[in-house]
Amino acid sequence: MKARLLYRIREAYGNGVIEAVVWEVPEPVRPSGHSVKYRLAYVIDGKRIVGYDNERGKGDHRHVRNVEYRYRFKDVPTLLEDFLNDIEEIES
């Protein structure tokens, strides 16, 4: 099985732009233990304000402003909800 694109979004949101790509992959991107590869970003004036990703070697994590936090991936709907909740906190 090859990677399968699940979502690709680029749209204006609040004061910035949401860019999100989510794939189903045949094998986990280590050290993540699930079959989803993702990159989500909320960008204002060219700067990432909120970001979620699971790059190889780092695993699931999120960025809020300039601070990186571990992230516990459950499923894609929860990932998207958590991402939007972080954006809403920034926007409020």
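E24 counts as partly exposed, at 25% relative accessibility. Here buried means under 20% relative accessible area, exposed means over 50%, and partly exposed lies in between, using a 1.4 Å probe and protein chains only. The model is predicted, so local features need pLDDT of at least 70 and side-chain atom pairs count only at pLDDT 80 or more, while totals for chains, interfaces and linings use all residues. Residues are numbered from 1 along each chain as its sequence is written, and side-chain values use heavy atoms, with hydrogens and water left out.

**Salt bridges**

Side chains of opposite charge can pair when their charged atoms come close. A salt bridge is a side-chain nitrogen of Lys or Arg within 4 Å of a carboxyl oxygen of Asp or Glu. The count comes to four salt bridges. The table gives some of them, including the pair of E24 and R4.

| Salt bridge | N to O distance |
|---|---|
| E24 and R4 | 2.8 Å |
| R10 and E19 | 3.5 Å |
| D86 and R62 | 2.6 Å |

E24 pairs with R4. This pair links distant parts of the chain: E24 sits in strand β2 (residues 16-24), R4 in strand β1 (residues 4-13), and 20 residues separate them. Helices (H or I, at least four residues) and strands (E, at least two) are DSSP runs, numbered from the N terminus. R4 is partly exposed, at 46% relative accessibility.

R10 meets E19. R10 is exposed, at 62% relative accessibility. E19 is partly exposed, with a relative accessible area of 32%.

D86 meets R62. The two link distant parts of the chain, with D86 in helix α1 and R62 in strand β5, 24 residues apart. Both D86 and R62 are buried.

**H61**

H61 is in strand β5 (residues 61-64). H61 is buried, with a relative accessible area of 2%. Its side chain makes a polar contact with the side chain of H63, at 3.3 Å. A polar contact is a pair of N or O atoms within 3.5 Å; within protein, one must be able to donate a hydrogen and the other to accept it, and residues adjacent in sequence count only if both atoms are side-chain atoms. Contact means heavy atoms within 4.5 Å. Leaving aside neighbours within four places in sequence, H61 is in contact with residues including Y38, Y52, E68 and R70.

**F73**

F73 lies in the loop between β6 (67-70) and α1 (76-91). F73 is buried, at 15% relative accessibility. Leaving aside neighbours within four places in sequence, F73 is in contact with H34, V36, Y38, D60 and L79. F73 and R62 are eleven residues apart in sequence and 10 Å apart in space, C-alpha to C-alpha.
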